[in-house]
Amino acid sequence: PCSLTVASAFERTLRAAMDAHYRCAEDLTVEQARGQGPGTSAAEWAAKWLHEKGIPNARAGLPNETVGCTRSSGGEGTSMGSHEDYIYKNLMTLVRDVYPTLRSSGVVPPHEAEFAGYCIILLAMRETYQSAVQEVYQNLPAEIRKSTEVRRAINLSEAMHGRNYVRFFSVVRRADTPYLVCCLAHQHFPRMRRHAIYTMVEMRDKRSAIPEPLPELARIMGFSNVQDTVEWLLIKGVPADEKGAHIYKANLPEPKTWSEVELADVRKVDFITSRMPLDPGDVVGLPITHDFVRPSAAPGGGAPAPTRTPVDSAAAAARVAANAAATAEQSAERKKEREAAAAAASAAAAVAAAKAAKEREAADAVKAAQARERAAADEASRKKEGAAQVVKAELAVSRGRKSLEQGDASAALASAKEAEGVLSD
């Protein structure tokens with residue numbers, strides 16, 4: 001029957017498996033494509049590699065080609081090797097079967113939040129399993145859904161589902177991301193890097209010949225250094241040199257032929273290896289020393305009351321306290337962020353208001369200057385027109401004088417009227 005001892009066995013085995021998957025990824029990955037010569041099968045290469053390293057078969061009687069952890073590629077799902085499949089099956093059993101059975105018996109699994117987070121991350125890696133992520137999340141108790149472990153897993157799940165490689169690698173690089181979460185996420189590094197390079201090729205202008213900075217690519221694509229970045233880019237068909245990566249010249253393979261079995265895909269990275277314990281046993285954890293005892297029937301034949309062992313209660317209380325502290329800390333951080341955002345918005349509004357006032361003042365000054373110019377022009381025009389009328393009147397008077405001298409009274413009268421009409425205007 002399900003018990004904390006059973007749950008502990010699953011938990012310790014899964015921790016060891018996730019650690020081993022990262023710790024041994026480079027050593028047990030069969031590189032099938034490059035550098036082995038034509039006609040060399042993956043099995044033959046694996047046998048040759050093991051022989052050169054002096055590694056015997058773990059089980060006597062097995063052929064050499066059975067040794068090693070191979071990875072398959074293709075399709076839209078995440079590449080799942082035999083080791084990854086082992087982790088997946090046992091993690092699903094623990095989260096979907098063992099933990100719910102324990103809770104229904106009144107026992108609080110002390111590490112449920114941790115492994116629920118692993119489960120969500122692993123399901124998110126399979127791009128067609130998004131409904132399963134929601135199912136697992138909704139079936140968790142409310143306090144588990146609010147835990148730091150599950151919130152971190154949802155963050156990674158959203159990054160994987162949205163193919164947001166910058167957000168994905170940023171979460172993995174954080175100092176507070178646990179080592180085993182990084183180990184699990186490392187399985188998805190090849191797929192996120194593939195999304196990253198295809199996105200960059202599609203978004204970059206073909207007419208732009210500006211190379212991408214290699215240190216920046218190493219950061220956003222989860223590599224340890226520029227050298228590993230260049231090696232991976234060259235394998236995938238992206239030219240790179242000391243100037244940077246020439247994305248605009250990329251000759252990427254078709255998605256269906258994209259390989260995730262290259263050694264460059266599974267190589268360790270410094271920001272995970274630095275957290276790796278020297279002794280693999282340090283990640284496993286201690287076994288449960290006191291299992292819960294099924295309660296006896298209540299007096300009168302009623303249903304037994306759920307009980308918890310001291311170990312369970314202490315672990316649950318510690319977990320609740322840790323989650324409460326983390327929630328309070330995050331609430332304080334969010335409050336600070338809101339206050340900072342409000343202050344920044346107020347400052348921006350004040351700057352905008354001052355700028356608008358200056359613009360209005362400048363516009364008013366321009367309008368006043370234009371009005372003065374128009375008034376001056378009108379005044380000048382009136383003066384010019386008046387002078388012309390005076391000249392016209394003087395000419396009419398001169399004509400009238402000549403008419404009088406010549407004895408033409410009617411013409412002189414007409415000239416006088418003309419001059420009077422001009423002056424009246």
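This is a predicted model: local features need pLDDT of at least 70, side-chain atom pairs count only at pLDDT 80 or more; totals for chains, interfaces and linings use all residues.

Trainee: Which side chain does E216 meet in a salt bridge?
Mentor: The partner is R219, with an N to O distance of 2.6 Å. R219 is partly exposed as well, with a relative accessible area of 43%.

Trainee: Where do E216 and R219 lie?
Mentor: Both lie in helix α12, which covers residues 214-220. They are 3 residues apart, about one turn of the helix.

Trainee: Changing topic, how many salt bridges does a search of the whole structure find?
Mentor: The search finds 8. One of them joins the side chains of D19 and R23, at 2.9 Å from N to O.

Trainee: Are D19 and R23 buried or exposed?
Mentor: D19 is buried, and R23 is buried too. Both belong to helix α1, residues 4-23, and stand 4 residues apart, about one turn of the helix.

Trainee: What about E158, which side chain does it meet?
Mentor: E158 forms a salt bridge with R167, at 2.7 Å from N to O. The relative accessible area of E158 is 43%, so E158 is partly exposed. R167 is likewise partly exposed, at 31%.

Trainee: And why can such side chains pair at all?
Mentor: Side chains of opposite charge can pair when their charged atoms come close.

Conventions:
Residues are numbered from 1 along each chain as its sequence is written. Side-chain values use heavy atoms; hydrogens and water are left out. A salt bridge is a side-chain nitrogen of Lys or Arg within 4 Å of a carboxyl oxygen of Asp or Glu. Helices (H or I, at least four residues) and strands (E, at least two) are DSSP runs, numbered from the N terminus. Buried means under 20% relative accessible area, exposed over 50%, partly exposed in between (1.4 Å probe, protein chains only).
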